[in-house]
Amino acid sequence: MPKIKYMFLKYSAALIAIILLAACGNDKPTMKYEAPADGLSLFKTNCSSCHLVKAKLVGPALAGFNERWPDKKKLHDYIHNSQEVIKTDAYAKSVFEANNKVIMTPFPNLTDTQIDAILKYIEEESK
Ligand code: HEC
């Protein structure tokens with residue numbers, strides 16, 4: 001009898017260890033958009049309702065944005081909230097006025113990595 005009890009304890013301990021290992025093993029990063037390759041899908045989800053790369057839609061064509069936005073940090077701020085940047089930046093204000101003062105959707109939740117992925121996609125498509 002005591003032997004069976006001992007075996008039961010041993011197997012229970014082994015089982016708990018396996019369950020714990022499996023639970024920890026599942027702890028993979030779940031950031032879905034961290035890979036630069038996702039620029040296309042991020043662009044489609046967030047930007048393509050208003051922008052094409054090479055032609056005007058609601059907003060202007062985005063090709064060549066690099067030359068118009070030499071300050072990368074400012075461009076990130078602009079995509080996070082264009083209206084904030086328009087307050088202080090003459091170029092941003094002129095684009096706003098040239099596009100009939102249509103307000104671009106702010107994207108406060110896009111991370112810098114996600115914005116870079118989108119910009120990289122636009123760059124590739126601009127060629
Ligand atoms: C609701 C429509 C809309 C959406 C969605 C939108 N934009 Fe815009 N975007 C505009 C408009 C309109 C302008 C022109 C400036 C203005 O009116 O404020 C603009 C301007 C821009 C500019 C400056 C263009 C230039 O020539 O300097 C960039 C860069 C830009 N958008 C990037 C993006 C990115 C990236 C996304 C997606 C994350 C996006 N936009 C989503 C409407 C939009």
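**A guided look at the iron site and a helix crossing**

Guide: Of the 127 residues of the protein, 24% count as buried, where buried means under 20% relative accessible area, exposed over 50% and partly exposed in between (1.4 Å probe, protein chains only). This is a predicted model, in which local features need pLDDT of at least 70, side-chain atom pairs count only at pLDDT 80 or more, and totals for chains, interfaces and linings use all residues. Residues are numbered from 1 along each chain as its sequence is written, and side-chain values use heavy atoms, with hydrogens and water left out.

Visitor: Which residues are the protein donors of the iron atom of the ligand?

Guide: They are H51 (NE2) and M104 (SD), lying 2.0 to 2.2 Å from the iron; donors are N, O and S atoms within 2.8 Å of the metal (3.2 Å for Na, K and Ca), and water is not among the atoms, so sites may look incomplete. The pair links distant parts of the chain, 53 residues apart: H51 sits in the loop between α2 (39–46) and α3 (65–68), M104 in the loop between α6 (90–98) and α7 (112–126). Helices here are DSSP runs (H or I, at least four residues), numbered from the N terminus.

Visitor: What makes the arrangement around the iron atom octahedral?

Guide: Six donors count as octahedral if opposite donors are over 155 degrees apart and all others between 65 and 115. The six donor atoms here subtend angles of 85 to 178°, which makes the arrangement octahedral.

Visitor: Is H51 buried or exposed, and what about M104?

Guide: H51 has 10% relative accessibility, so H51 counts as buried. M104 has a relative accessible area of 22%, and is therefore partly exposed.

Visitor: Why is α2 called roughly perpendicular to α7?

Guide: Their axes come within 8 Å and cross at roughly 95°. That makes α2 roughly perpendicular to α7, the term for angles of 65 to 115 degrees. Axes are lines fitted to C-alpha atoms, for helices over the stretch in contact, with angles running from 0 to 180 degrees between N-to-C directions.

Visitor: Which residues of α2 and α7 meet?

Guide: G39, L40, L42 and F43 in α2 meet Q114, A117, I118, Y121 and I122 in α7; contact means heavy atoms within 4.5 Å.

Visitor: Why is V53 called buried?

Guide: Its relative accessible area is 9%, so V53 is buried. V53 lies in the loop between α2 and α3, and its contacts beyond four places in sequence include F43, Y121 and I122.

Note on methods. Four donors count as tetrahedral if all angles lie between 85 and 135 degrees; four count as square planar and six as octahedral if opposite donors are over 155 degrees apart and all others between 65 and 115; anything else is irregular. Helices (H or I, at least four residues) and strands (E, at least two) are DSSP runs, numbered from the N terminus. Angles under 35 degrees count as roughly parallel, over 145 as roughly antiparallel, 65 to 115 as roughly perpendicular and the rest as oblique.
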